[in-house]
Amino acid sequence: MILAVASGKGGVGKSTVAYNLAAALDAVVVDGDLGMANLPADRGPTLHGVLAGRAAAPEAVRAGPVTVLPCGRSLAGARAADVSKLGDALAAVEREHGTVVIDCPAGMRADAGVPLAVADAAVLVAAPEPFALADALRTRELARELGAPLAAVALNRVVDDPPTPTVRLTLGAPVESIPADPRVGRSVGAEAPVVDAAPGSEPAAAFASLAERVEQGEKPAGRGQSRSA
């Protein structure tokens with residue numbers, strides 16, 4: 001399965017959710033934001049190089065607490081990347097590693113739709129305030145148009161009672177609330193997903209529940225079948 005993690009706007013913790021969800025799913029997380037990479041990276045080939053034809057996608061995958069296919073951080077690398085090759089790159093990683101979680105570009109940027117177009121399903125990350133629903137709704141519609149059904153909504157950094165019934169009714173998908181916790185905020189930089197670093201915590205339970213929601217969803221016929229045929 002290829003799962004796109006998207007958001008209607010930046011600053012909602014989408015990359016953090018993608019990283020921790022990948023840990024809960026025992027999946028590879030791919031940094032798909034070609035212009036503003038956020039996930040851990042070190043020396044070696046990156047998604048920029050893969051999409052420029054300089055490396056095979058499996059060669060760029062890094063083992064670690066969460067297995068990552070990082071993205072380069074240079075403007076030149078972003079310009080050289082051919083996003084039309086993203087589907088083949090993700091399919092190659094899926095064949096070798098299983099589930100792939102791709103951290104999409106934020107908002108409604110032109111390149112935000114590319115990961116959604118090649119994904120089997122999507123998780124939408126949103127702020128836990130009612131006013132954030134308009135941005136989330138636009139992204140849900142984009143995902144639907146591109147054939148990526150919404151598996152779940154993650155309300156991130158929840159402090160008070162979130163508007164879960166309203167979100168579920170508006171977006172038409174199960175909702176998981178992820179509590180505000182500094183360990184979640186530090187998890188990417190420290191390379192310490194909360195399901196490993198704090199397995200008994202509320203955030204770890206929330207990510208485990210989110211992963212279960214994703215796994216319980218039916219894989220759409222067509223794209224997933226065509227890759228495995």
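1. Residues are numbered from 1 along each chain as its sequence is written, and side-chain values use heavy atoms, with hydrogens and water left out.

2. For the protein chain the mean pLDDT (the predictor's confidence in each residue, from 0 to 100) is 91, and 94% of its residues reach 70 or more. Over residues 218-229, however, the pLDDT is below 50, although this stretch has 20 contacts in the model beyond near neighbours in sequence, contact meaning heavy atoms within 4.5 Å. Where pLDDT is low, the predicted coordinates should not be read in detail.

3. Buried here means under 20% relative accessible area, exposed over 50%, and partly exposed in between, with a 1.4 Å probe and protein chains only.

4. Helix α1 (residues 14-25) packs against helix α8 (residues 182-190) at an angle of about 80 degrees, with their axes 9 Å apart; axes are lines fitted to C-alpha atoms, for helices over the stretch in contact, and angles run from 0 to 180 degrees between N-to-C directions. That makes α1 roughly perpendicular to α8, given that angles under 35 degrees count as roughly parallel, over 145 as roughly antiparallel, 65 to 115 as roughly perpendicular and the rest as oblique. The residues of this contact divide into three nonpolar, four polar and no charged, where Ala, Val, Leu, Ile, Met, Phe, Trp, Tyr, Cys and Pro count as nonpolar, Asp, Glu, Lys and Arg as charged, and the others, Gly among them, as polar.

5. The axes of α1 and helix α10 (residues 202-216) come within 9 Å and cross at roughly 70 degrees, and the two helices are therefore roughly perpendicular to each other. In this contact, Val-17, Asn-20, Leu-21, Ala-24 and Leu-25 of α1 meet Phe-207, Ala-208, Leu-210, Ala-211, Val-214 and Glu-215 of α10, and these residues divide into nine nonpolar, one polar and one charged.

6. Leu-34, in the loop between β2 (28-31) and α2 (47-51), counts as buried at 9% relative accessibility. The C-alpha atoms of Leu-34 and Cys-71, which are 37 residues apart along the chain, are separated by 6.4 Å. Leaving aside neighbours within four places in sequence, the contacts of Leu-34 include Leu-47, His-48, Cys-71 and Val-83.

7. Most residues other than glycine have a negative phi, and most peptide bonds are trans. Arg-157, in strand β6 (residues 150-158), has a positive phi of about 60 degrees although it is not a glycine, and is partly exposed, with a relative accessible area of 44%. Glu-191, in the loop between α8 and α9 (194-197), has a positive phi of about 50 degrees and is partly exposed at 39%.

Technical notes. Helices (H or I, at least four residues) and strands (E, at least two) are DSSP runs, numbered from the N terminus.
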